[in-house]
Amino acid sequence: MALGYQDTPIIPDQQWHVHDGERPQPRIVVPGNASQLPPVAPPSDALVLFDGKNLDAWESVKGGGPAAWKVAGDGTCEVVKGTGNIRTKKHFGDIQLHVEWSAPTVIEGDGQGRGNSGVFLMGLYEVQVLDCYQNPTYPDGTTAAVYGQFPPLVNACCKPGEWHLYDILWQGPKFHAGSCVAPARITVLHNGVVVHHARELQGPTQHKRTACYEPHAPVGPVMLQDHNNPVRFRNIWLREI
Ligand code: MG
């Protein structure tokens, strides 16, 4: 089974094609038991984006109306297929972001079709959400990949139905006179395991293409992806840094 693509461009400064299925798979690390525990309360100065009660901090990307995902009443919300991505009404620059997500317990689909969603920084830069527990796909699209650019250092997936924890440190790119003078940088912990450390991004997320920077605003929303899979989210908060 082909896991990815060989007919895509080579990623700059790498030896691999975009979404190259031949690229080595990230090593598997079994995380601790945080994924089986109840959510930990946010720090006192956090801006809570979703605490289980409502999606008032969010809007639909399609049309800008209320976020149409399902608030389940158990502290979670769930992607409603076809309603599109949702994003925060407020925009942010550099942040510490905490997101918890869970892929369906009943496994459906494989590769990119199993528990696919995404966390986008500034609405443009995707940290992949995907159920890659015993589910290989092209490494730059696996769980916690900087999609299309950098696979995670390791695969720290928990089991379907358990709660994945993402802790993301984000520094947006800087632009001057129409060009990028400092790329975006990201550090990501997946279930408490470092999967990107001060990684310099190549530009906003692309599919099957290399990325490059075009000047954009110094702030942007946090966006969550509707990729037609009923992924659930809970306990989303950030701190501006
Ligand atoms: Mg995705």
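Which residues form one aromatic cluster together with Trp 170? In this predicted model, the cluster consists of Tyr 125, Trp 170, Phe 175 and Tyr 213. The briefing below treats a magnesium site, with donors that include Asn 116 and Gln 225, and then turns to the aromatic pairs, of which a search of the whole structure finds seven.

**Magnesium site**

- The magnesium ion is coordinated at 2.2 to 2.4 Å by Asn 116 through OD1, Ser 117 through O, Glu 126 through OE, and Gln 128 and Gln 225 each through OE1.
- Along the chain, the donors of the magnesium ion follow the spacing N-S-x8-E-x1-Q-x96-Q.
- Glu 126 belongs to strand 9 (residues 125–129), whereas Gln 225 sits in the loop between strand 16 (223–224) and strand 17 (232–240), so this pair ties together parts that are 99 residues apart in sequence.
- Glu 126 and Gln 225 are both buried.

**Aromatic pairs**

- Among the seven aromatic pairs found in the whole structure is that of Phe 175 and Tyr 213, which is edge-to-face because the ring centres lie 6.1 Å apart and the planes stand at 70°.
- Phe 175 is part of strand 12 (residues 174–176) and Tyr 213 lies in the loop between strand 15 (193–200) and strand 16, so the pair ties together parts that are 38 residues apart in sequence.

**Accessibility of the paired rings**

- Phe 175 has a relative accessibility of 23% and therefore counts as partly exposed, since buried means under 20%.
- Tyr 213, with a relative accessibility of 18%, counts as buried.

Conventions
Residues are numbered from 1 along each chain as its sequence is written. This is a predicted model: local features need pLDDT of at least 70, side-chain atom pairs count only at pLDDT 80 or more; totals for chains, interfaces and linings use all residues. Side-chain values use heavy atoms; hydrogens and water are left out. Donors are N, O and S atoms within 2.8 Å of the metal (3.2 Å for Na, K and Ca); water is not among the atoms, so sites may look incomplete. Helices (H or I, at least four residues) and strands (E, at least two) are DSSP runs, numbered from the N terminus. Buried means under 20% relative accessible area, exposed over 50%, partly exposed in between (1.4 Å probe, protein chains only). Rings of Phe, Tyr and Trp (its six-membered ring) pair if their centres lie within 6.5 Å; planes under 30 degrees apart count as stacked, over 60 as edge-to-face and the rest as tilted.
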